[in-house]
Amino acid sequence: MQTKVENNKAWFLVLPVFLIVAFSAIIPLMTVVNYSVQDIFDPYTRYFVGTEWFKQVMLDSRLHEALLRQFLYSFTILAIEVPLGICVALMMPTKGRGASLSLILVAIPLLIPWNVVGTIWQIFGRADIGLFGAFMSGIGVDYNYASDPTDAWLTVVLMDVWHWTPLVALLCYSGLRAIPEVYYQAARIDQASRWAVFRYIQLPKLTNVLIIGVLLRFMDSFMIYTEPFVLTGGGPGSSTTFLSQSLVQQAIGQFDLGPAAAFSLVYFLIILLVCWVFYTTIMNMQKDK
Amino acid sequence: MTQSSTTPISHNKGITKEQAPVYSRAERKARNANLRGRFGLVLYVVLLLLPIYWLVNMSFKTNTEILSGLSFFPADFTLENYAKIFGDATWYMGYVNSIFYVSMNMVISLIVALPAAYAFSRYKFIGDKHMFFWLLSNRMAPPAVFLLPFFQLYSSVGLFDTHIAVALAHCLFNVPLAVWILEGFMSGVPREIDETAYIDGYSFPKFFMRIFIPLIRSGIGVTAFFCFMFSWVELLLARTLTSVDAKPIAAIMTRTVSASGMDWGLLAAAGVLTILPGMLVIYFVRNHVAKGFALGRV
Amino acid sequence: MAWMSWTLPTALFFIGIAVILVGMTTWQILSPCVERRGFLPLATTRGDRLFIGLLSSAFIHLAFVALTDVNIAVATALCAFWMIILMRWG
C-alpha cells in the first residue's frame, strides 16, 4: 500500500456523502434516542420517563429469547454457509465460458427480492403444491413448516443457506482467482497433496475475503426480517421471531414507541460493537500485509 | 482417419510414459478431483435452481392445476398470469416504480460516492478512519431500527410516497457500500498516474473525469450493479415509505393473498418478473462481479 | 421539528457529543496525535480511544439500568472515571 498524502481539503470530497448519509442516519437516530426516554401518546402528549423503557427492555424475557434465537441462527447459518461456500468456490472453473456461466447461475439467488425469496420457499415447502414439501412427505417425514417449530426453523435456515451461500462462494471465488498460477506450479513440482494446496496456498489467500464474508453474513443475518416474515410470520408461536421482527411488531404493530426505541438502541449498540470488532480486525490485517 | 488419429495417441502415450515417474499419479488424481468438482458444482447449481424452476413452472399453470397436484411441466400451459400483470396498471406500475427509485438511488449513490472514495483512497485527513467506520456501521445497521423515524422524517419534509424518498432512504446502506467497493478498486490504481496528470497540467475535475473514471470503469460498473441489487431486493423501507404512487412491486405482490384465497399462479408470475431485471444486469458485469463481491479487496 | 420529540436531557446529550467531537478535532489540528499502544491490546489513536470509551460507557450504563436500582448518575460518574483512564493510559 502506498503512503497517503495528508490533506484536510479531502473533506470537501467526502462532504456530500456525509450529508446524504447523515440525513438518513443521524436525524432518525436522534429521534430514536428521544423516543426512548419518553412515554409518547402523540407528539403533544408525552412524558419524560428516564431509563424506564431501557430497564423494561433489558429485562424482557421475550427479547432475551429473541436475542438468543438470533445468535443461534446467525451462528448456524455461518457454520453451514462458510464451509459450503468455500467448497463451491473450489469447484467453480476459473477460466473459459464455464466460469462466466457458473458465476451467473450461482449469483441468481442474490438478485431476488427478499420477499420473493420468502414466497419461493413458502411455495416450495408446502406439501400440497411445493416440490420440497411433497418430497419430504414422500419419504415419510411429517414435515410442515407452518405448524411445527422445528420444521419452521429448518426451513428458515435452509432458505438462508440457499439464498446467501452464493455470496460466500463468490467472495471465495474472487479470492481464489487472485492466486497466481506460479503457486500451483510450485505445488505440483513439490507433489503437494490436494489438502496441502488448500491448507497452505488457498486458505491463506482466502482469509481476507472470508472475514468480509463472515462480517456481511453475520450482520445481514442479524437484521433478517423480510424472508422469515413472508415464510412463517415469525411463527409457529414465536419460534422464528428474530430481533428485527420483534422490533417491528412492537413499533408498528403495538405502536409502543418508547420501548421500541429503547429496544432499537440496545440492538444498535450490539451491532456497533460487533461491527467495530470486525472492522478493526480487517484493518489490522491489511496493515500487516 | 485411422492413420492420422493413431499417431498422436501413440505419441501422447510416449509422453505419459516418459513422465510417468514424476506426474502420472498426481495428474490422474487431479483429473479425478476435477471431475468430482464438476459433478459437485452441477449438483449444487441444480439444487440452487430447483426452487426457482418450481416458481417458473407454477407461473405458467392455472390455479386449478396448481392445486390439483404436482407436475414438473404445466399440462395446461397458460400465459394468463402474465397477461393479468401486464394488463393491469396497478400491477405493472409497481415494476415501473421499483425500477424508477432503484435507478435514482444508483445515480445518487455513484455521484456522491465517487469523490468520497477517491478521498479515502488517496488522502489522509482528520477523522478519515472514523468516518469510514461510521459509514460502514450504517451499512450494517438494521433498517427496522430506523423504520418509524424514517416514516416521520419523510412525512415531515413532504416526501412521503415519492420515489426520491425511497431512493434517499436506500442511500443509507448503498452509499457506504459504494464508497467501500470504489475505494477498493481505486486503491488498485497506482498513485503515479495522478501525479503525472497533475504535472501535465490537468486540474482535479478534468483529471477525474477524463483519466481516472475511465480507469476504474469496471469498478463503477460493479458498484452500480451492487447498488441496483441491494435497492432492488429491499422491501421493508420501500414499503414503509410508500402508499400508492411509488409503491414497489414487492409490496404490491401481497395483494394476491387478500383476494379470495391465494392466487398462486399470479404470485409466481409476479415473482418471476422480479427476478428477470437482476439477471439482465448481472450479465453485463459478469467478468468483474466476483471482484466486486469481495468489495474490490482481493 | 415537533415530530422529533426533543427533551432537555437528550438535547444536552447530543450537544455534549457534538462538543466532544469539535473539541477532539481542534485538539487534533493543534497537536496531531500518533498511534500508540497502552493497556489495550491494539494500537490506538486518541479518536479510537474516545470511541472505545463511549461504546463501553453505553454498555456500562445499560448494565447498570438493567441489573441495579442505583441512580444512573453513579454509572455516569463511573464512566467518566473510566474514560479518563482510557484516554490517558489506553
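**Close-up views of a predicted three-chain model**

Buried residues make up 45% of the 289 residues in chain A, where buried means 20 or more other C-beta atoms, placed from the backbone, within 10 Å of the residue's own; exposed means 12 or fewer, and partly exposed lies in between. The model is predicted: local features need pLDDT of at least 70 and side-chain atom pairs count only at pLDDT 80 or more, while totals for chains, interfaces and linings use all residues. Residues are numbered from 1 along each chain as its sequence is written, and chains are lettered from A and ligands numbered from 1 in the order in which they are written.

**View 1. Chain A on its own.** Chain A has twelve helices and three strands; these are DSSP runs (helices: H or I, at least four residues; strands: E, at least two), numbered from the N terminus. Along the principal axes, the C-alpha atoms of chain A fill a box of roughly 75 × 70 × 30 Å. Of the contacts in chain A between residues at least 6 apart in sequence, 69% join residues at least 24 apart; a contact requires C-beta atoms, placed from the backbone, to lie within 7 Å. The unreviewed UniProt entry lists residues 67–278 of chain A as "domain: ABC transmembrane type-1"; UniProt positions follow the numbering used here, feature names are shortened, and annotations may be inferred rather than shown by experiment. That span of chain A is 76% helix and 0% strand, with its end C-alpha atoms 20 Å apart.

**View 2. The contact between chains A and B.** Chain A contributes 80 residues to this contact and chain B contributes 81 residues. On the side of chain A that touches chain B, H1(A) gives the most, with 13 residues. By class, this side of chain A has 58 nonpolar, 17 polar and five charged residues. Ala, Val, Leu, Ile, Met, Phe, Trp, Tyr, Cys and Pro count as nonpolar, Asp, Glu, Lys and Arg as charged, and the others, Gly among them, as polar.

**View 3. The contact between chains A and C.** Here 23 residues come from chain A and 17 residues from chain C. The elements of chain A that each supply at least two residues to its side are helix H1 (11–36), strand E2 (38–42), strand E3 (45–48), helix H2 (52–59) and helix H12 (257–288). H12(A) gives the most, with seven residues. The side of chain A that touches chain C has 15 nonpolar, six polar and two charged residues.

**View 4. Helix H8 of chain B.** Helix H8 (residues 163–187) of chain B has 25 residues and, at 1.5 Å a residue, should span 36 Å; its end C-alpha atoms are 34 Å apart, which agrees. The expected span is 1.5 Å times one less than the number of residues. A kink of about 50° lies at Leu172(B), shortly before the proline Pro176(B); the bend is the angle between axes fitted to the seven residues ending at a residue and the seven starting there. Because 23 of its 25 residues are buried, H8(B) is largely enclosed by the rest of the structure.

**View 5. Chain C.** Chain C is divided into domain 1 (1–32) and domain 2 (36–90), with bounds from an automatic or database domain assignment. The C-alpha centres of these two domains of chain C lie 18 Å apart. In the unreviewed UniProt entry, residues 6–30 and 72–89 of chain C are listed as "transmembrane region". Residues 6–30 of chain C are 92% helix and 0% strand, and residues 72–89 of chain C are 100% helix and 0% strand.

Note on methods
Contact = placed C-beta atoms within 7 Å.
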